[in-house]
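Here is a short briefing on helix geometry and packing. Please have the structure open as you read.

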Amino acid sequence: MPVFRALSNVAKQALLAPACGCQPLTVAIRNISFSPRQVTSGSDASFHSVSFSETDHPKVLITGGLGQLGVGLAKLLRKRFGKNNVILSDIRKPPSNVFHSGPFIYSDILDYKNLREIVVNNRITWLVHYSALLSAVGEANVALARAVNITGLHNILDIAAEHGLRLFVPSTIGAFGPTSPRNPTPDLCVQRPRTIYGVSKVHAELMGEYYHHRYGLDFRCLRYPGIISADSQPGGGTTDYAVQIFHDAVKTGKFECNLKPDTRLPMMYIDDCLRATLEVMEAPVESLSMRTYNINAMSFTPEELANEVQKQLPDLQVTYEIDSVRQAIADSWPMNFDDCNARKDWGWKHDYDLPELVQTMLDFIGSDSRISQAN
């Protein structure tokens with residue numbers, strides 16, 4: 001089939017490309033059936049499903065676990081549920097520290113049979129689906145983004161519904177478009193994104209809600225703002241300037257921003273993001289008035305961020321070289337998220353504002369840099 005041969009060629013090229021910090025690329029292409037898979041009860045559909053009354057803790061599988069969020073979430077969940085109850089998975093080889101920190105398994109989200117075996121053999125009850133291509137990377141490789149972000153999601157949905165899992169799929173500010181209200185952006189409004197990443201996330205939101213209503217799938221979704229963390233490199237996202245500035249400020253004292261200085265976007269420190277994910281997964285079903293929530297912490301521009309960093313590092317030099325692709329994406333996204341429903345329904349509350357964010361990032365990256373220099 002020409003389409004699958006083309007996708008396979010694209011996937012091979014992706015494997016040969018230089019490594020980057022982006023979300024893991026899933027590359028094996030499975031023959032896609034156009035008839036829906038059976039996800040209701042069957043002879044082997046639910047034999048291993050374990051209700052929480054039958055076990056002390058959920059057994060969690062995280063796909064795309066070597067991306068920006070997976071390792072951090074695994075650490076948080078292992079502290080809460082026990083080391084062996086949280087399995088990281090990816091198609092890439094994990095760093096030794098990740099491999100030895102807890103269970104790790106190879107998993108290709110486009111290989112339905114492999115995924116199903118992992119869920120059955122490990123008696124998985126929660127599935128956190130992080131595998132995706134991000135905004136700027138997805139625009140550079142639409143065919144691969146479509147395969148990973150959409151076909152992979154279909155496999156996850158079918159398996160989760162078949163085995164009675166609680167499923168978390170993150171969404172994003174990229175799920176909105178230029179016709180959406182931007183300041184603030186409510187949970188429910190017009191969504192017409194103009195990137196394959198955004199389109200795939202709207203698709204995920206709607207498919208998850210459909211499976212919830214049609215099959216009773218316990219689907220939960222948060223629309224993340226831009227996520228800032230110190231222990232991972234930028235991964236091809238439009239908001240990644242807000243991570244890069246800290247690395248450049250500490251290492252070179254110079255930073256070139258690829259967005260205009262007045263581009264306002266919602267942001268969040270990774271600790272808040274991971275905690276929100278755990279809290280919505282633990283929230284009682286009866287407290288959820290919807291299945292997809294906005295969450296927010298702060299909203300700032302590159303200029304405001306640079307000014308805050310310069311309070312700590314006054315010699316930092318900031319210049320602007322606008323990337324037209326990223327700027328067009330950012331201009332179509334929300335400037336501020338309205339997350340009142342998350343705060344009302346399950347008690348969401350952020351800890352980090354801009355000053356705390358900057359201090360935490362500089363402390364982390366600065367100490368890391370000093371250790372490297374000493375070594």
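**Helix α6 and a helix pair**

Helix α6 spans residues 142-162, 21 residues in total. From its first C-alpha to its last, α6 reaches 29 Å, close to the 30 Å expected at 1.5 Å a residue. The model is predicted.

**Helix α6**

- A147 is part of helix α6.
- A147 has 5% relative accessibility; the cut-off for buried is under 20%, so A147 counts as buried.
- I109 and A147 are 38 residues apart along the chain, and their C-alpha atoms are separated by 9.8 Å.
- Just after α6, G164 adopts a positive phi of about 65°.

**Helices α2 and α9**

- Two packed helices are described by the angle between their axes and the distance between the axes.
- The α2 and α9 crossing is right-handed.
- On the α2 side, the contact is made by G72, L73, L76, L77, R80 and F81.
- On the α9 side, L274, R275, T277, L278 and E282 take part.
- By class, the contact of α2 with α9 has 6 nonpolar, 2 polar and 3 charged residues.

Note on methods. Residues are numbered from 1 along each chain as its sequence is written. This is a predicted model: local features need pLDDT of at least 70, side-chain atom pairs count only at pLDDT 80 or more; totals for chains, interfaces and linings use all residues. Side-chain values use heavy atoms; hydrogens and water are left out. A crossing is left-handed if the near helix is turned anticlockwise from the far one by less than a right angle, and right-handed if clockwise. Helices (H or I, at least four residues) and strands (E, at least two) are DSSP runs, numbered from the N terminus. Contact means heavy atoms within 4.5 Å. Ala, Val, Leu, Ile, Met, Phe, Trp, Tyr, Cys and Pro count as nonpolar, Asp, Glu, Lys and Arg as charged, and the others, Gly among them, as polar. The expected span of a helix is 1.5 Å times one less than its number of residues. Buried means under 20% relative accessible area, exposed over 50%, partly exposed in between (1.4 Å probe, protein chains only).
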